[in-house]
Amino acid sequence: MTYTTQVVVIGGGQAGLSVGYHLRRLGLDFVILDAQAEAGGAWQYTWESLHLFSPAAYSSLPGRPMPVQGGQAYPDAGHVVGYLSDYERRYELPVHRPVRVSGVHRDGQLLRVETDYGAWRARAVISATGTWWRPFLPAVPGRPDFRGRQLHTVEYRGPGDFAGQRVVVVGGGNSGAQIAADLAHDTEQTWVTQRPPRFLADDIDGRALFDAATARRRALDEGRTDTGGVASLGDIVAVPPVREARDAGLLKASPMFVRLDRDGIVWADGTRAEADAVIWCTGFRPALSHLAPLGLRGPRGHIATAGTRSVDEPRLHLLGYGDWTGPASATLIGVGRPARDAAREIAALVR
Ligand code: FAD
């Protein structure tokens, strides 16, 4: 079966919903195709104790403020899932799920989106598939030899799975710090980071990151020097569990090890630590394999963009993967503006 519409949005997480909101306001005919069975994108799969590093007021999508979660300064992931489910109902966004896109192809004047539920032909496509689905693990020597358990952030659920074990947590970003704090009481833990972790001052939260992103956006808009993106800050927000573990002296970082062996990790000076499990909190890459038929990827796997529009395929926009598709576009509050700009550009193209 082949359907026709003006715009196909691939991905029904926060980025796909935000652009859906603007497409709806502009009166365009569109569908959102989402591989998950339920609303909420990646937020459905995070670990149990995860809390946003930004308060609700700084975590809202266009048009609808995120309600405060009773008694919580920083909402949890379940609250975000509830908010996103409500958002797509409220704005009657045409989300089809579960529908997985396998490829986007050029088809004369149109783009053809192949899925496991038939094909859609459209004048424009917005890819908003996120990064959670492509966990990144560094190529550390000896990784295949390690006999213990290895998992990535995406597979971590909570400390219950590791009680009493020797666990190595790798990664000095917010995920690494939060998971290290989560495990601090129940495990014999080693937290390993590439450079000494940098904690934001306790009275500063995710708002500071967004303010930096706003300053950057203004600088870019006004043609001034780039002030750097949210990711370049790389600082850890001292959300309450992280702060507590740090203050209790349970969150001390060691430098990165140079290899693994069968039973643990080995540092450059030959010192070793035995481990039952290694948790890699080492980040993600954009999930872009469905765009391979268009042949657009450059070095580092990125597709060249001007704003959100692909430079080499102007009928394609990318939204939400990181600063290269708009400052802070991989955050709840940050995706609204690039989503609006993408929808406007597409409206001008298809009308
Ligand atoms: P996703 O939520 O991943 O949604 C993409 C959707 O596309 C998914 O439903 C997926 O199934 C679907 N999809 C993928 N491939 C296909 C395909 N081929 N066909 C069809 N559908 C497909 N941001 C904040 O603002 N505040 C925070 O505190 C915060 N904390 C974070 C903590 C962690 C641990 C992480 C990892 C991220 C955090 N972020 C935070 C960043 C960001 O808000 C999330 O990563 C968010 O999930 C990104 O939304 P998205 O819509 O771009 O992608």
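Helices (H or I, at least four residues) and strands (E, at least two) are DSSP runs, numbered from the N terminus. With that in hand, select Pro98, which sits in the loop between E3 and strand E4 (101-107). The peptide bond joining Arg97 to Pro98 is cis, with omega about -5°.

Two notes on what is on screen. This is a predicted model, in which local features need pLDDT of at least 70 and side-chain atom pairs count only at pLDDT 80 or more, while totals for chains, interfaces and linings use all residues. Residues are numbered from 1 along each chain as its sequence is written, and side-chain values use heavy atoms, with hydrogens and water left out.

**Stop 1: the ligand**

- Gln14: a polar atom of its side chain is 2.8 Å from an oxygen atom of the ligand.
- Phe53: a polar backbone atom is 2.7 Å from an oxygen atom of the ligand.
- Val101: a backbone N or O atom is 2.9 Å from a nitrogen atom of the ligand.

Taken alone, the ligand exposes 990 Å², and the protein buries 91% of that. Such areas come from the Shrake-Rupley method with a 1.4 Å probe; for residues, only the protein chains shown count as cover.

**Stop 2: Gln14 and helix H1**

Stay on Gln14, which lies in helix H1. Is Gln14 buried or exposed? Gln14 counts as buried because its relative accessible area is 12%; buried means under 20% relative accessible area, exposed over 50%, and partly exposed in between (1.4 Å probe, protein chains only). Leaving aside residues up to four places away in sequence, Gln14 touches Trp43, Leu61, Leu84, Ala330, Thr331, Leu332 and Val335. Contact here means heavy atoms within 4.5 Å.

Now select all of H1, residues 14-25. From first C-alpha to last, its 12 residues reach 17 Å, close to the 16 Å expected at 1.5 Å a residue. The expected span of a helix is 1.5 Å times one less than its number of residues. H1 is mostly covered, with 10 of its 12 residues buried. The cover includes strand E1 (2-10), E2, H2, strand E3 (95-96), strand E6 (118-127) and helix H7 (336-350). Just after H1, find Gly27, where phi is positive at about 75°.

**Stop 3: helix H2 and its ends**

Move on to H2. Its 14 residues should span 20 Å, and its end C-alpha atoms are 20 Å apart, which agrees. Among its buried residues are Ala77, His79, Val80, Val81 and Tyr83. H1 and E3 are included in what covers the buried residues of H2.

At the start of H2, a side-chain oxygen of Asp76 reaches to within 3.2 Å of the backbone nitrogen of Gly78. At the other end, select Glu92, in the loop between H2 and E3. Glu92 has a positive phi of about 50° although it is not a glycine. Its relative accessible area is 60%, so Glu92 is exposed.

**Stop 4: Ala328 and helix H7**

Go to Ala328, in the loop between E17 and H7. Here too phi is positive, near 60°, in a residue other than glycine. Ala328 counts as buried because its relative accessibility is 4%.

Then select H7. Its 15 residues should span 21 Å, and the end C-alpha atoms are 21 Å apart, which agrees. Its buried residues include Gly336, Pro338, Ala339 and Ala342. These buried residues of H7 pack against E1, H1, E6 and strand E17 (316-318).

**Stop 5: Gly71**

Finish at Gly71, in the loop between strand E2 (30-33) and helix H2 (77-90). Gly71 counts as exposed because its relative accessibility is 88%.

Methods: A polar contact is a pair of N or O atoms within 3.5 Å; within protein, one must be able to donate a hydrogen and the other to accept it, and residues adjacent in sequence count only if both atoms are side-chain atoms.
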